[in-house]
Amino acid sequence: MERNGSASTSISTLFLDRVGEVAVTLDPDGLSWKPIDCESSGSSCLCMNYRLKTENRIEFSSVYAVDLIDWGLIEDANRNSGSFFSGNKFEMYRFVVHGFHRGKTHGSPWTLCEYTFGHKDMHICQSWVERLIASTSTDAIRPKSLLVFVHPLCGKGNGVKTWETVAPIFSHAKVRTEVTVTQRAGHAFDCIASLSHRELSSFDGIVAVGGDGLFNEVLNGLLSSRHDAPYPPSPQELDNKSDKNFQHLNNDISCGRASLNGAIGMLSAPLCGSDDLAPLLSAVESNGLGISKCTTNNGPCNADEDVKVSFPNDWFRLGLIPAGSTDAIVISTTGTRDPVTSALHIILGKKMSLDIAQVVRWKTSPSSTEVPSVRYAASFAGYGFYGDVIKESEGYRWMGPKRYDFAGTVAFLKHRSYEAKVTFLKTEEQETSNIASDIQTSQLFQKNSKNVCRANCNICNDFKNAAQHSADVAVSPIHSQDSRWLEYKGRFLSVGAAIISCRNERAPKGLVAEAHLADGFLHLILIKDCPHPLYLWHLINLKRGSNPFDFTFVEHHKTPAFTFVSAHNESVWNVDGEILQACQVSVQVCRGLINLFASGPEV
C-alpha cells in the first residue's frame, strides 16, 4: 500500500528486516519508519522498548548508497511472540539503504549502518530505490570514478587491509575505482605524472590509501607538470635588495616563562616521517578487489589540448584514507583518524580547498650549481631537528612507527644547532604581535586556540566564495622588492613551516593550533639555540597542548613566503615526511591550490 501524506511526503507499507511490517515515510529531509503493530497496540511495553533501542529515521545527508538486491529473505521480528529472535522469515523483493551515524563527540568516527526493506511487488521496491537515489543526489557532486593508490607497507603494514575494509563502501555507492598497489618508492608519482590530460580528466579524483608521505607523492605527481606559477624570490634576489630590513637574533637565553619541575616525560617527536621510502613489495597480484598494476602511457592522446587539466580548478579532488604512522593531514582535515570516516567523505563528494606550499630548492649544497627544482607540501616543511629525525629514522625502518620515537630521542640528545639565515615576508598582523607583552602573548594564544579551523570555517569559506568568481585567486605573485621582508640570522635548533595545524595523536592540538586549511599563510616557527632542558619543555608543551611559543627562544611568524640559506653541506629538510637535501630554499603558500574530499573537523 502506498499513499501521499502531502505534496512532498510519501508513505508506504513495507517490511523492514528484523523488525517487521512498518509504515515508511519519505519527506524532503529523510526516511523514517514506524512498526505497524506498535501503532495498533499503542501502550505495549514491548513497543516502547523498541522505540528506545532501535533507530527509526535516517537523514538523506547520512545515506551514501541505495541498492536493489532482488528476491530474498526478510525476517519479521514477531514481537507478539515475546522473543525478538524468534520471528518468521518471508521471501520478497528487497532494497538496502546504506548509511552512517555521525559521532556524538568531536573526533569520533562515523559508523556504518544499513536498513533492508522488502515488498512482494518488485515495482514498488524499484520505485523507492529511484526516489531515494534522487533525494540523496542533490547535496553535492559525488564522484563516479576514482584513481586509487594503496601503499602496502605504510604504518604497520596495513595498507592493503585498510583498502579491503573500505572497498565495499565504494562498491555499494557505485563508484568505479582503478586501484594500484605501489611496488616501490616513487611509483605513484610516476604513474600520475605520466597520465595524459585526457586520461586524468576521466577521473573525478585521486585517493591515497596510506600515510602523509604517500599523499605527498600523489600531490607532487599531480602538480609537477600541471601547476604553472612563478617561483617565489630566491635568497640571492633578496640579498640584492636595496631597502632590506635587518633583524638579528639574540641568542642570549633568559627564559623566565617556563621551568622544569622535577620529572621529565618520555620524548616523542611531534611530527613523524614518511612511510613511503621503504623498499616496497616486489610484486602484488590482483586479489579480486579491483587492484591492478599501473601501466605507463605509450603517448599522449590526440585531443589532450582540448581537455588540459591545470591547477587550481574547481572539480578535481584528492582523498586520503589513513593507514600511516601519524596521519596528520587526515586528522587536521576530518578531525579523526578513521578509514571509514575518510571513505565516506570521499563517497559523499565533500569538498574543501587546501593550501599547498611550493618549496623551491635553489642549491643542494653551498658549492652546487644545479637548476632549481620544485617540491610541494600539504602539511609541513622542517629543517634542523625535524630533518635530523627523518634522516636518523631511515636506518630503523624495521622498528615500524616506533622508529620515530627512537630517532626523536637520538636527535634530541645530540642537540645540534645550525647557522642559518631566514628571510620572511611580514604581515600586518605581525606588526602588532611583535610588540606584544608576555601576558598579551598568552592571551593571544588562548584567543587563537578558540579560533581553530572547523567545518564551514568562515576564514576558509571567504576564499571558497572568492574562488567562485575568479579562476586565479590561488597564487598572488610575491616580489623581492616588497618592503616587508624581514631577515633573521643566528643558530637554530629547528626551522619549521606549518601549512595546516598538523594535529596528530601525540600533539592533539597540532604544531600550530590556530592554523587554517585555506587562509593563504604559512606558520614559520624558528627555534633558536637554547639549553637542553628549555627545548625539552617546549616539546612537552607542544605534546600536552599548552602554548609551545611562550619562550624567548621561540619565534612564531605568520607569513605567505620565506627563504632559507645555510652553509651546512648536508642540510636536510623534512617535507611532509620526505627527505629533501637543500641548503637554499624559497617557500611560498599557494592558497587553495587543490580541493580535498573533506569538510574540515566537525565541532
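Guide: Strand E19 (residues 522–528) and strand E20 run antiparallel and are joined by six bridges; strands pair if DSSP finds at least two bridges between them. The elements are DSSP runs numbered from the N terminus, helices being H or I of at least four residues and strands E of at least two. The model is predicted, and local features need pLDDT of at least 70, side-chain atom pairs count only at pLDDT 80 or more, and totals for chains, interfaces and linings use all residues. Residues are numbered from 1 along each chain as its sequence is written, and side-chain values use heavy atoms, with hydrogens and water left out.

Within this pairing, His523 stands opposite Lys558 in E20. Strand E20 (residues 554–559) is mostly covered, with five of its six residues buried; buried means under 20% relative accessible area, exposed over 50%, and partly exposed in between, for a 1.4 Å probe and protein chains only. The loop between helix H16 (532–544) and E20 contains Ser546. With a relative accessible area of 26%, Ser546 is partly exposed. From C-alpha to C-alpha, Ser546 and Ala507 are 10.0 Å apart in space, and they are 39 residues apart in sequence.

Thr162, Val166, Ile169 and Phe170 of H4 make the contact with Pro339, Val340, Ala343, Leu344, Ile346 and Ile347 of H10, contact meaning heavy atoms within 4.5 Å. By class, this contact of H4 with H10 has nine nonpolar residues, one polar and no charged ones. Here Ala, Val, Leu, Ile, Met, Phe, Trp, Tyr, Cys and Pro count as nonpolar, Asp, Glu, Lys and Arg as charged, and the others, Gly among them, as polar. Eight of the nine residues of H10 are buried, so H10 is largely enclosed by the rest of the structure. The buried residues of H10 include Thr341, Ser342 and His345. After H10 comes Gly349, whose phi is positive, near 75 degrees.
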